[in-house]
Amino acid sequence: MNLQFTIAESADIPVIFAQAKELIDTYEDLDSIDYDRVLSWVKHKITSLISEYRCVLLDGERCAYYRLCEDGELDDLYVLPSFHNRGIGSAILDKCIEESKNPIYLYVFSRNVRAISFYNRFGFSVRETVGKTRLIMERKG
C-alpha cells in the first residue's frame with residue numbers, strides 16, 4: 001500500500017467536517033445537545049486547526065484525515081467510506097503510535113462499536129466515560 005502523508009489544506013475542511021457531522025448524526029444523542037452550536041464548534045475547530053490535520057493519500061488520491069496532538073490526543077481520524085476495509089486506518093494508527101512521544105488517547109462515541117473494536121485491537125482500553133455518549137480510550141506505552 002502506497003500511502004503518503006501531507007498537511008491538510010483549506011479545501012479539505014468540507015470533507016473533514018462532513019465526516020465529523022456524519023458521526024454526530026449517527027452516534028450522538030441529538031435530543032440532549034444544541035445541535036447547531038455543536039456543529040458550529042466543530043466547524044470552527046477544524047477551520048482554525050486545519051494546518052495540524054494530516055491528509056492521507058492512497059496512490060495520490062485523498063483517502064483519510066487525522067490530527068495527532070502533541071499531548072497524545074488522536075483527534076478526528078477519518079477514513080473516507082470508499083476506502084474502508086483496506087488497512088488504511090491501521091496504517092495511520094501504527095504511524096501515530098510510532099511517532100507519539102506520549103500515550104495516545106482519543107474520544108469515541110460509546111455506540112460506535114466498530115471504532116471501539118478497532119481501537120481495542122491496538123491495545124486501547126476505556127479510561128473514562130464522558131457524559132452519556134462518549135468514552136475516552138487510551139493506549140499506554
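# Buried residues, helix faces and pockets

Colleague: Which residues does arginine 67 touch, not counting residues up to four places away in sequence?

Modeller: Contact here means heavy atoms within 4.5 Å. On that basis, and with residues up to four places away left out, arginine 67 touches Leu49, Glu52, Tyr53, Glu73, Leu74, Asp75 and Asp76.

Colleague: What kind of model is this, and how are its residues numbered?

Modeller: This is a predicted model, in which local features need pLDDT of at least 70 and side-chain atom pairs count only at pLDDT 80 or more, while totals for chains, interfaces and linings use all residues. Side-chain values use heavy atoms, without hydrogens or water, and residues are numbered along each chain, as its sequence is written, from 1.

Colleague: Is arginine 67 buried or exposed?

Modeller: Arginine 67 lies in strand 3; strands (E, at least two residues) and helices (H or I, at least four) are DSSP runs numbered from the N terminus. Buried means under 20% relative accessible area, exposed over 50%, and partly exposed in between, with a 1.4 Å probe and protein chains only. Arginine 67 has 10% relative accessibility, so it counts as buried.

Colleague: How many Å separate the C-alpha atoms of arginine 67 and isoleucine 7?

Modeller: Along the chain these two residues are 60 residues apart. Between their C-alpha atoms, the separation is 9.9 Å.

Colleague: Where is aspartate 12, and which residues is it in contact with, leaving aside neighbours within four places in sequence?

Modeller: Aspartate 12 sits in the loop between strand 1 (3-7) and helix 1 (13-27). Its relative accessible area is 2%, so it is buried. Apart from those neighbours, its contacts are Cys55, Arg62 and Tyr65.

Colleague: Where on helix 1 do its buried residues fall?

Modeller: The buried residues of helix 1 are Ile13, Ile16, Phe17, Gln19, Ala20, Ile24 and Tyr27. Seen down the axis, they fall within an arc of 160° (taken from the directions from the helix axis to the C-beta atoms), so they line one face of the helix.

Colleague: What do the buried residues of helix 1 pack against?

Modeller: One of these residues, glutamine 19, counts as buried because its relative accessibility is 17%, and beyond four places in sequence it touches Tyr78, Val79, Leu80 and Pro81. For the buried residues of helix 1 as a group, the partners are helix 2 (35-48), strand 3 (61-68), strand 4 (74-79) and strand 5 (104-109).

Colleague: Which residues does isoleucine 46 touch, not counting residues up to four places away in sequence?

Modeller: Isoleucine 46 lies in helix 2, and it counts as buried because its relative accessibility is 0%. Its C-alpha atom is 9.6 Å from that of alanine 20, 26 residues apart along the chain. With residues up to four places away excluded, isoleucine 46 touches Ile13, Ile16, Phe17, Tyr53 and Asp76.

Colleague: Which exposed residues does helix 2 carry on the face turned away from its buried side?

Modeller: The buried residues of helix 2 are Leu39, Val42, Lys45 and Ile46. They cover an arc of only 125° around the axis, so they are on the same side of helix 2. The face turned away from that side carries Asp36, Arg37, Trp41 and His44.

Colleague: Which residues of helix 4 (113-121) are exposed on the other side from its buried residues?

Modeller: Ala115, Ile116, Phe118 and Tyr119 are buried in helix 4. Their arc around the axis is only 160°, which puts them on the same side of helix 4. On the other side, the exposed residues are Val113 and Arg121.

Colleague: Which element gives the largest share of the lining of the largest pocket?

Modeller: On a 1 Å grid over the protein atoms alone, a pocket is an open set of points where a 1.4 Å probe fits, with protein on both sides within 12 Å along at least five of seven lines, and lining residues have an atom within 4 Å of a point. The largest pocket is lined by 41 residues, of which Leu23, Leu77, Tyr78, Asn112 and Tyr119 lie nearest its centre. The largest share of the lining, seven residues, comes from helix 1.

Colleague: Which residues line the second largest pocket?

Modeller: About 150 Å³ of space lies in the second largest pocket; a volume is the space filled by probe spheres set on the grid points, which are joined across faces, edges and corners. Its lining consists of Leu68, Cys69, Glu70, Gly72, Glu99, Ser100, Lys101 and Asn102.
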